Amino acid sequence: MSQHPSLKRAAKSLAAKRNVLKRFERIRLLKRQGRWKEGDRVFGLPKTLPLA
C-alpha cells in the first residue's frame, strides 16, 4: 500500500530544526561549553540554545 502524497510532504517538514533539546543533548552541549562536569545534577539544567 502506498503513502498518500500529502503525508509525504509532511514527513519532509518534520526534519526541520527543533526548538527543544532532549536532556542528553543538553548535557552534551553543556559539556562542550565547559558548563557541566561529570557528577553534576541532571535536573535543573541551565537553558541552552538549540544547535543550528
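Apart from neighbours within four places in sequence, Leu-51 makes contact (heavy atoms within 4.5 Å) with Lys-17, Leu-21, Leu-29 and Arg-32. The structure is a predicted model, in which local features need pLDDT of at least 70 and side-chain atom pairs count only at pLDDT 80 or more, whereas totals for chains, interfaces and linings use all residues. Residues are numbered from 1 along each chain as its sequence is written, and side-chain values use heavy atoms, with hydrogens and water left out.

Leu-51 is located in the segment after helix 2; helices (H or I, at least four residues) and strands (E, at least two) are DSSP runs numbered from the N terminus. The relative accessible area of Leu-51 is 44%, which places this residue in the partly exposed class; buried denotes under 20%, exposed over 50%, and partly exposed the range in between (1.4 Å probe, protein chains only). The C-alpha atoms of Leu-51 and Asn-19 are 8.8 Å apart, although 32 residues separate the two in sequence.

Of its 52 residues, 15% are buried. Residues at least 24 apart in sequence account for 24% of the contacts between residues at least 6 apart. The accessible surface, computed by the Shrake-Rupley method with a 1.4 Å probe and, for residues, with only the protein chains shown as cover, is about 5000 Å², and carbon and sulfur atoms contribute 57% of this area.

Helix 2 spans residues 23–33. Its buried residues include Glu-25, Ile-27, Leu-29 and Leu-30; Leu-29 is also one of the residues in contact with Leu-51. Gly-34 follows helix 2 and has a positive phi, near 75°. Phe-43 likewise belongs to the segment after helix 2 and is exposed, at 54% relative accessibility. Between Phe-43 and Arg-23, which are 20 residues apart along the chain, the C-alpha separation is 8.8 Å.

Side chains of opposite charge can pair when their charged atoms come close. Glu-38 is exposed, with a relative accessible area of 68%, while Lys-31 is partly exposed at 44%.
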